[in-house]
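Here are a few friendly notes to read alongside the model.

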Number of protein chains: 2
Amino acid sequence: MATIRDVAKLAGLSVATVSRAINGSGYVSEDSRKKIDNAVKILDFRPNEVARSLYQKKSKLVGLLLPDISNPFFPLLAKGVEDFLQAKGYQVILGNVQENPERANDYIHAFSQNNVAGVLSAVDNDYAFYNSVHPLVFLDRVGKDSEYSIHADDVAGGALAATTVLKRKTKEIIVISGPKEIDRSQERLQGVLSVLNQQKSNYYIINSVSFLLEDAISTAQAVFEEFSQVDTVIAPSDIHAIALIQEAYRRNIKVPDELQVIGYDDIPISNLVVPPLTTIHQPAYEMGYKGAEMLYQLMNGQKVMQKKLILPTRLVTRDTLRKKEVQ
Amino acid sequence: MATIRDVAKLAGLSVATVSRAINGSGYVSEDSRKKIDNAVKILDFRPNEVARSLYQKKSKLVGLLLPDISNPFFPLLAKGVEDFLQAKGYQVILGNVQENPERANDYIHAFSQNNVAGVLSAVDNDYAFYNSVHPLVFLDRVGKDSEYSIHADDVAGGALAATTVLKRKTKEIIVISGPKEIDRSQERLQGVLSVLNQQKSNYYIINSVSFLLEDAISTAQAVFEEFSQVDTVIAPSDIHAIALIQEAYRRNIKVPDELQVIGYDDIPISNLVVPPLTTIHQPAYEMGYKGAEMLYQLMNGQKVMQKKLILPTRLVTRDTLRKKEVQ
């Protein structure tokens, strides 16, 4: 493949002149420009980002690794990342692992080999070898060894969900537990159970294996099949809660009169289902935006004031819980 | 930056030996391997995809350009693309333009400069300069000049929506028209109107400016504000239909008794709303999968039997239309 030296030689000009012409970084006579254009064509010379990144070891490309773009939480997170970084002149390329952590390493490899300027990842690092990418900021799902990270305060969020439910009259409370291997869902569960145990409430736990829609649907069916008396459900995600409302509709069970549900996430669709979902709001967009800001600081040698950021959650009251009876 | 020659020189070995060691492509003695490892560390040599792609002019990376990943239609399309190409050993990197076509060119540039092996795009090419990427296959949104493309038969899909509605008793039919600049929505509208006009039905058209959720919500509000007698709506997307069902709920209007709605797309959530949405199914996953197959054939010099593929749509009957009254 032709180099800038080959072009200079064929054009009978200095490398510096050819460089100025190609990068548009200084005066080049019309005559020289014609010679250079000619040589570039003959040699099929392509001055590109790849060659430049080899030299500069930096690009304006950032890799973003997401667990599953069909879960509406992650497009919202991505939007925050994209909005921050695009305003700073970066391009964000996405890798979607479809909740299959084995695919994460392929993307890390692809990012690394294309000299991305940095990586943001919402895929738990227990499964992946992140050594080759730097700097690196974890979003939402955060492994134990991560140095830079941002996520919501899920212990408090889970506790808030339980406290909110206990202000209503309940008969049989079912807690759906999210996947065991995801720290976020385990902290949510921990928050929920701490309140229920403290209040000496009775409850049953049912496990869900992932945040994928198909798993949420089968969990919703299992709830009704295993617990015929269920009247209150604390869900680990809005997707789980929405699947449950749908299953109640199919069984002709009225929400919230006969079944009350609280979700988690506050994804956009949670306000569009019928009845609109009462849920715990996670600041997904803000998480993406602030995570991108942290990465930007790292990419540009700026000081990061707080390496581990934890964002607050809040209750969004809509129509899937009954009226308060306690206090 | 260190080259493979520098490594060979420092290790006192031939370039061929170093190349074999690094690419794992042949026998290298334990002793030589130690010398090479040592030289690699001292020189901080990084044999990477970038260098390799400069040489081979090919990578195992495919760029996928999407209008908006927060619209559930596109994650489904992406899944089809990823499933096909990952099985063939390719990595798919996504560019999300957030319905802002100006961002498309930045991604095309990024894809091109990183020597992707091919590009799939669902962003209409009237706005973007695709000259620098090759091969290129358009998915769903297809510009006039595109050579290779795949999309659904939206004229037939729109006609099917109208025919389905006309089998029910209707009072006032509102047709929501999708964005004027998107060929898909214009063909849907054309299909709807051809049937309504042929049947001499009365109808009103209301325009929606995009497929973004916020625009679907404001269009839903406008429908009720401008047409107090509305009892039947033909929507250009499931997002529009779901926003309409929600707005009906807020206004205490019963679906389908007082308002019947038909959607378009059959995104996963359309089966989870209450009542579940009657809609026209587009084969989004299949579209992604077959589009990826077409790109794969182009990337590997195979013959593409059909340059422009058009996939059929079908009706999915759920609960948002009233019982048939005609025939």
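1. Helix α10(B) is largely enclosed by the rest of the structure, because 11 of its 13 residues are buried (under 20% relative accessible area, with a 1.4 Å probe and protein chains only; exposed is over 50% and partly exposed in between). This is a predicted model: local features need pLDDT of at least 70, side-chain atom pairs count only at pLDDT 80 or more, and totals for chains, interfaces and linings use all residues. Side-chain values use heavy atoms, without hydrogens and water, residues are numbered from 1 along each chain as its sequence is written, and chains are lettered from A and ligands numbered from 1 in the order in which they are written.

2. The buried residues of α10(B) include Asp238(B), His240(B), Gln246(B) and Glu247(B). Among the elements covering the buried residues are β6, α9, β8, β9 and β10 of chain B.

3. How does Ser237(B) meet the start of α10(B)? One of its side-chain oxygens comes to within 3.3 Å of the backbone nitrogen of Ile239(B). After the helix comes Asn252(B), with a positive phi near 60 degrees.

4. Do look at Ser208(B), in the loop between β7 and α9 of chain B. Ser208(B) counts as buried because its relative accessibility is 4%. Its side chain makes a polar contact of 2.7 Å with that of His240(B) (a pair of N or O atoms within 3.5 Å; within protein, one must be able to donate a hydrogen and the other to accept it, and residues adjacent in sequence count only if both atoms are side-chain atoms).

Note on methods: Helix = DSSP H or I, 4+ residues; strand = E, 2+ residues; numbered from the N terminus. Contact = heavy atoms within 4.5 Å.
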